[in-house]
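I opened this model to look up its charged pairs, its sheet and its cores, and I kept my notes in the order in which I worked. Each entry says what I looked up and what I found.

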Amino acid sequence: MVHPQTAPASSIDAREVAQFAALAETWWDPTGPMRPLHALNPVRVGYIRDQALARFGGETNSLRPLLGKQVLDIGCGGGLVAEPLARLGGQVTAIDAAAESIAVARTHAEEAGLKIDYRVTTAEDVLGEGKQFDIVTALEVVEHVADPAAFLATCAALVAPGGLLILSTLNRTPQAFGLAIVGAEYLLRLLPRGTHSWRKFRKPSELAGPLRASGLAVTDVSGLAFSPLTGEWSRSPSLAVNYILCAARPALA
């Protein structure tokens with residue numbers, strides 16, 4: 001546990017929050033605007049599970065490998081990742097700046113019989129409370145914040161000694177522009193137009209630098225690839241478009 005401290009200025013981008021708030025009622029519709037995230041979810045959750053097992057140990061066939069772990073899901077939206085992490089045994093706190101999304105998430109979790117601490121707040125405010133977590137996730141979030149470097153520093157500060165930070169985002173490459181914006185938003189219409197801004201995409205080195213400066217070490221980076229033929233995602237050696245990254249804080253001596 002860290003001592004309470006004055007939280008950094010919020011990295012929330014009000015326009016981005018409003019955009020997702022307007023889509024709040026569609027979070028759990030697998031055929032709606034969030035369908036790419038529904039398709040992506042199994043590989044994201046599988047990655048988190050694998051990294052947690054590698055870091056903390058446990059049986060690879062365990063149904064609840066996160067049992068006893070304090071988990072923070074930043075930018076949780078309607079709870080697409082928070083719910084499976086809770087099912088895996090995590091004690092999940094899930095936060096989002098959009099009250100509309102949190103309302104949807106709470107209702108869905110209650111109907112599913114899941115206990116998740118949903119809050120309308122920011123990562124900076126949670127840090128100001130002096131809290132740290134064994135696992136911190138911020139998936140498809142960093143490309144939507146106002147100040148990525150400050151946001152990454154906040155995320156890192158929320159990781160307890162020995163804990164993990166897991167981030168996923170899009171690389172700032174021509175391939176990402178062509179597939180994630182032109183293809184997904186304009187041609188295939190998998191996402192609403194304007195969901196992404198290419199200039200906000202981040203190269204892996206632009207995540208690794210601030211994390212290292214905050215005392216974390218990047219332990220794994222994996223590409224995420226979408227197959228238009230099957231409609232499924234898988235891990236990939238290519239980081240050219242989507243990727244997911246794990247960083248760890250050293251344990252106390």
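**Entry 1: a charged pair, and the ground rules**

I began with R119 and E129, whose side chains meet in a salt bridge at 3.4 Å, N to O, a salt bridge being a side-chain nitrogen of Lys or Arg within 4 Å of a carboxyl oxygen of Asp or Glu. This pair links distant parts of the chain, since R119 sits in strand β3 (residues 117-120) and E129 in the loop between α5 (123-128) and β4 (133-139), 10 residues apart. I take helices (H or I, at least four residues) and strands (E, at least two) as DSSP runs, numbered from the N terminus.

I note that this is a predicted model, in which local features need pLDDT of at least 70 and side-chain atom pairs count only at pLDDT 80 or more, while totals for chains, interfaces and linings use all residues. Residues are numbered from 1 along each chain as its sequence is written, and side-chain values use heavy atoms, with hydrogens and water left out.

**Entry 2: the other salt bridges**

How many salt bridges does the structure hold? I find eight, and D117, R119, E129 and K131 are linked in a network of them.

I then checked how covered the partners are, using buried for under 20% relative accessible area, exposed for over 50% and partly exposed for in between (1.4 Å probe, protein chains only). R119 counts as partly exposed at 22% relative accessibility, and E129 is also partly exposed, at 38%.

The side chains of R172 and E206 form a salt bridge of 2.8 Å, N to O. R172 lies in the loop between β5 (159-170) and α7 (174-187) and E206 in helix α8 (residues 204-213), so this pair ties together parts that are 34 residues apart in sequence. R172 counts as buried at 19% relative accessibility, whereas E206 is partly exposed at 27%.

R49 and D50 also meet through their side chains in a salt bridge, here at 4.0 Å, N to O. R49 is buried, with a relative accessible area of 18%, while D50 is partly exposed at 34%.

**Entry 3: the sheet**

I counted eight helices and eight strands in the chain. In what order do the eight strands stand in the sheet? The sheet is open, with mixed pairing, and reads β3-β2-β1-β4-β5-β8-β6-β7, where two strands pair if DSSP finds at least two bridges between them. β3 and β7 (232-236) stand at the edges with a single partner strand each, so one side of each is left without a neighbour in the sheet. The twist averages 20° from one strand to the next; for such angles, axes are lines fitted to C-alpha atoms, for helices over the stretch in contact, and values run from 0 to 180 degrees between N-to-C directions.

I followed β8 (residues 242-248) next: seven bridges join this strand to β5, and the two run antiparallel. L165 stands opposite A247 in β8. Helix α2 (residues 35-56) packs on the sheet and touches β4, β5, β6 (217-227), β7 and β8, with its direction at about 155° to that of β5; contact means heavy atoms within 4.5 Å. Helix α6 (residues 148-157) also packs on the sheet, touching β1 (70-74), β4 and β5, and its direction makes about 145° with that of β5.

β6 is likewise joined to β8 by seven bridges in the antiparallel sense, and V218 stands opposite A247. β6 and β7 pair antiparallel over five bridges. Their hairpin has four residues between the strands, and G231 there takes a positive phi near 75°.

**Entry 4: the cores**

Which residues have the most contacts inside the largest nonpolar core? This core has 38 residues, and the ones in question are W27, L85, V92, A94, I116, Y118 and I166; a nonpolar core is a set of buried Ala, Val, Leu, Ile, Met, Phe, Trp, Tyr and Cys residues joined through side-chain atoms within 4.5 Å. Helix α2 gives the most to this core, with seven residues. Apart from this core lies another, of 26 residues, among them I95, A138, L152 and L245.
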